[in-house]
Amino acid sequence: MGTTNINRRDWIRKSMLTAGGAMALPYFGIAETPMAPLTLDAKGNAVYSQFFKEFLPDIPVPLAPITAKLNANENPYGPSPMAVEAFKNTAAGGNRYAWKELFQLVDKIAKFEGVESKNIMMGPGSSDLLEKTAMVFFMNGGNVVSADPAYMSLIQVAESVGAKWKPVPLKADWSHDLKAMEQAIDDETKLVYICNPNNPTGTMTDHQELVDFCSRVSEKVPVFVDEAYLWFLDEGAKKSMVSLINEGKDVIIARTFSKIHGMAGLRVGYIVALEATLNRLQSITRGGMGITLPSVHAAMAAMDDAKFIEKSRMLNAECRDYVAKSLEEKGFEYVPSHTSFMIFPIEMEGKEFLNKMTELNVGVRAFQFMGKNWCRVSMGTMEEMKMFTAAINKVLV
């Protein structure tokens, strides 16, 4: 099947009839991925690799209301009350740059992570830092090694500036094939990218195997570990790669306030890395420049709101268990998830599935990999998840 290269802006123009249609991007989850060029197949779906494709919906005009927005892995309960109060109390200071306050946030994060402040770089969300890393590391070409499927933000931006992607299929148990990834590294490899837990599959790679891999491979090439969803685990801190920083390993760990903290719209994230690595990034781009003063204060407050963090984790698990049980009852073999979303195979063609779900006011994502079509559904409120299962009953059962 033939493919066409198209940038996301042109896709929007083709898909929507009015300028106001750009408002649809958050509805349909497209804002979760970067504004890098897309490769589209003949049916207008995004082709990431020979094994990995994402179905893109036919965007209706006027827009269908999305009552259950389950397509962008957002936390439906946040921001936390403490974060909201901090944001409101400091919004009047939005005429000032937030450098002093940003340094305070950096110090707070460094203490939390057990590293020095010089090992922290801030950004407006972790995706911004993934993309800046891609631009800096691949401005002179090279290749990036990652799993397939994977979260595409860093990879697509790397390709857009001239890099080659060397995709390595996940193993049958959905973990990263670390042995094959190490074998894929060559003289042109500039970075190894690992998303753990992985997006879009929601699955984990064994902790000790990943520690050993990062420790060994980072002696040859930097390893970027995206831990956006790690805090949905009960003991997420014990599964992090951040301790390798204090061992002098050339690893980069990404974290975000968008998920467990419920601050996707406030845009705060950070990476933890060696000072030399951050100096390399900051020689090209400034970290933290895009974060507003109220968002900085909200992030500091969110870190202190342990009650909200635990509530988010608990309610997310309850919804995940509900969806898992509902899918089991319908005969779907879902993939066990460690995150705020889950996937399961669907027999229906992906674009048709998305259109039918949208007609029922439910927003989800649809992919093709491992030889199957998949639905990825984010965990919302219990009410939203019941809307989702009701829609699945009408569309697939």
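Mentor: The second largest cavity holds about 60 Å³ of space, and this is a predicted model, so please read every value that follows as computed from that model. The count of cavities of 30 Å³ or more comes to three. The lining of the second largest cavity is made up of Glu-74, Asn-75, Pro-76, Tyr-77, Phe-232, Ser-312, Asn-316, Ser-340, Met-379 and Gly-380.

Asn-71 counts as buried because its relative accessibility is 1%, under the 20% cut-off, and the side chain of Asn-71 makes a polar contact of 3.4 Å with the side chain of Lys-69. Asn-73 is likewise buried, at 1% relative accessibility, and Asn-73 has a positive phi of about 55° although it is not a glycine. That deserves a remark, because most residues other than glycine have a negative phi. A second case is Met-370, with a positive phi near 55°, in the loop between strand 15 (365-369) and strand 16 (372-378); Met-370, however, counts as partly exposed, at 36% relative accessibility.

Another loop to inspect is the one between strand 9 and helix 8, which holds Pro-197 and also Pro-200. A cis peptide bond joins Asn-196 and Pro-197, with omega of about 0°, and a cis peptide bond also joins Asn-199 and Pro-200, with omega of about 25°. For background, most peptide bonds are trans.

Where does His-176 lie? His-176 is in the loop between strand 8 (164-169) and helix 7, and it is buried, with a relative accessible area of 2%. Among the residues that His-176 touches, leaving out those up to four places away in sequence, are Ala-147, Met-181, Ile-194, Cys-195, Asn-198 and Thr-205. With Thr-205 the link is a polar contact of 2.8 Å between the two side chains.

Helix 8 (residues 207-217) is capped at its N-terminal end by Asp-206, a side-chain oxygen of which lies 3.3 Å from the backbone nitrogen of Gln-208. The buried residues of helix 8 are Leu-210, Val-211, Phe-213, Cys-214, Ser-215 and Val-217, and what covers them includes helix 7 (178-184), strand 9 (189-195), strand 10 (223-226) and strand 11 (251-256).

Phe-213 brings us to the largest nonpolar core, which has 45 residues, and in which Met-122, Val-192 and Phe-213 have the most contacts. Helix 10 (residues 293-304) gives the most to this core, with seven residues. Apart from this core lies another, of 41 residues, among them Phe-52, Met-121, Phe-138 and Val-157. Beyond its neighbours within four places in sequence, Met-122 is in contact with residues including Leu-102, Ile-109, Val-268, Tyr-270 and Ile-291.

As for the chain as a whole, its secondary structure comes to 13 helices and 16 strands, and 58% of its 397 residues count as buried. Of the contacts in the chain with a separation of 6 or more, 75% are between residues 24 or more positions apart.

Technical notes: Residues are numbered from 1 along each chain as its sequence is written. This is a predicted model: local features need pLDDT of at least 70, side-chain atom pairs count only at pLDDT 80 or more; totals for chains, interfaces and linings use all residues. Side-chain values use heavy atoms; hydrogens and water are left out. A nonpolar core is a set of buried Ala, Val, Leu, Ile, Met, Phe, Trp, Tyr and Cys residues joined through side-chain atoms within 4.5 Å. Buried means under 20% relative accessible area, exposed over 50%, partly exposed in between (1.4 Å probe, protein chains only). Helices (H or I, at least four residues) and strands (E, at least two) are DSSP runs, numbered from the N terminus. Contact means heavy atoms within 4.5 Å. A polar contact is a pair of N or O atoms within 3.5 Å; within protein, one must be able to donate a hydrogen and the other to accept it, and residues adjacent in sequence count only if both atoms are side-chain atoms. On a 1 Å grid over the protein atoms alone, a cavity is a set of points where a 1.4 Å probe fits but cannot get out, and a pocket is an open set with protein on both sides within 12 Å along at least five of seven lines; lining residues have an atom within 4 Å of a point. Grid points are joined across faces, edges and corners, and a volume is the space filled by probe spheres set on the points.
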